[in-house]
Amino acid sequence: MSDKIIIFDTTLRDGEQSPGASMTRDEKLRIARQLERLKVDVIEAGFAASSNGDFEAVQAIANAIKDSTICSLARANDRDIARSAEALKGANRARIHTFIATSPLHMEKKLRMSPDQVFEQAVQSVRFARNLCGDVEFSAEDGSRSEIDFLCRVFEAVIREGATTINVPDTVGYAVPEQYGEFIRTLRERIPNSDKAIWSVHCHNDLGMAVANSLAGVKIGGARQIECAINGLGERAGNCSFEEVVMSLKTRRDFFGLDVGIDTQHIVAASRMVSQTTGFVIQPNKAVVGANAFAHASGIHQDGVLKARDTYEIMRAEDVGWSANKIVLGKLSGRNAFKQRLLELGVELESEAEINAAFVRFKDLADRKSEIFDEDILALVSGEASAGSAETYGFVSLAQHSETGERPQAQVVFTVAGKEVHGKSDGNGPVDASLKAIESHVQSGAEMVLYSVNAISGSTESQGEVTVRLQNAGRVVNGVGADPDIVVASAKAYLSALNKLQSKADRVAAQG
Ligand code: KIV
Ligand code: ZN
């Protein structure tokens, strides 16, 4: 058995399935590039048959990414599988991932199919997929709650049809580590052709055990692929966290004895990118990527770390991409220094025009904020990359007045398709007044389902990073804006969300 663990990242598919985490094609492409930088083995880019938007995203990622295998999910039917194959045409290495539920509960209540029908469909789908792609993964949805005899029958048959990876999802996060590990071991022992496929784990975090279950699947069960998502993004309580499972395998190599090909120095940038794109804030005490993950507040700990780092640190912050929150650039820094720092942070902007635009924003920020941190640069560039080429709305300026006992007033100047407009309103507070000023003109009718502010570098001198989540006609989008003035950041975030609603609406209209 190989000593290499295949890291299969599903941030862009299962991660995106979490309510409110939907991403645009350009955002997905940007995250995919970061996953490639991380040297992820397999990127699950989406579910091509689920919508035209998803198809386009899988296609764009398949065409752009060269080093990772690109995978598309497909239900176990010919249409889904053919659509995946079509979207993956441009990939250097492609994988079709087909699935069907195998637990008694799912088969009876959800699929309303008999076990024999499920068996047939699984076999036919893998046969069909193998005719289109040499790399086929089969997942037994709700696998951990399926009957072992039935699973053995299904897995043996799909391996015979050419499935190259067999995935045993703990779809509802019900498993516990030892039992899940034993379950996979028993499957592998009982299935005569089990050695012809790579075994994979896919664990959800409903009981907070997704990482532990995945590791048990590897250690006890002999699985050699782990499915995970950056920041543990995913349905309900999320998926197995990429950063935690990767750093567990690396840090405790003495125990697991397995290799992981991930370039961990890009982890923090990836985590920030996913958090900024989805508006899912990372809790400070989150392992590896939380703001406090390497902070030592107590005197005893600080003293220990100063004397010998490994007294209280089991990993090095720099190994996962934390910089020492240092001031990196200032007002006098030139374009080359800026570009160099972007590269050090693992950010590659597409074109010289994008770099120039980001540099202008950087200079503008440096005029207003004396200390520029890495976090500021990442926020600034994230705005740049999510800006997209054909923006409908653009921020120009904002004036607001608030005083104790007075109702706040705001006036926002912004562009609509290049033409300047002025919106004016009062509101409960300056942010409310500013967003109402925009809405008074745009009249999107969108419902705000989330508004959050986060201080990028931790002090009142910091930039505020605002996330606005809007919902309209069944579409949910996130807009992010950053500025030292949180009212301005809020207006930028609101306009960015309106742009995304607009571009989604345009896409739907164009597709008729
Ligand atoms: O959780 C699950 O069962 C899944 C499958 C589609 C792999 O996401
Ligand atoms: Zn899942």
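A crossing of two helices is called left-handed if the near helix is turned anticlockwise from the far one by less than a right angle, and right-handed if clockwise. In this predicted model, local features need pLDDT of at least 70 and side-chain atom pairs count only at pLDDT 80 or more, while totals for chains, interfaces and linings use all residues. Residues are numbered from 1 along each chain as its sequence is written, chains are lettered from A and ligands numbered from 1 in the order in which they are written, and side-chain values use heavy atoms, with hydrogens and water left out.

The crossing of helix 2 and helix 3 is right-handed, where helices are DSSP runs (H or I, at least four residues) and strands likewise (E, at least two), numbered from the N terminus. The axes of helix 2 (residues 25-37) and helix 3 (residues 52-64) come within 9 Å and cross at roughly 35°, the axes being lines fitted to C-alpha atoms over the stretch in contact, with angles from 0 to 180 degrees between N-to-C directions.

Asp14 counts as buried at 3% relative accessibility, as does His202 at 5%, where buried means under 20% relative accessible area, exposed over 50% and partly exposed in between (1.4 Å probe, protein chains only).
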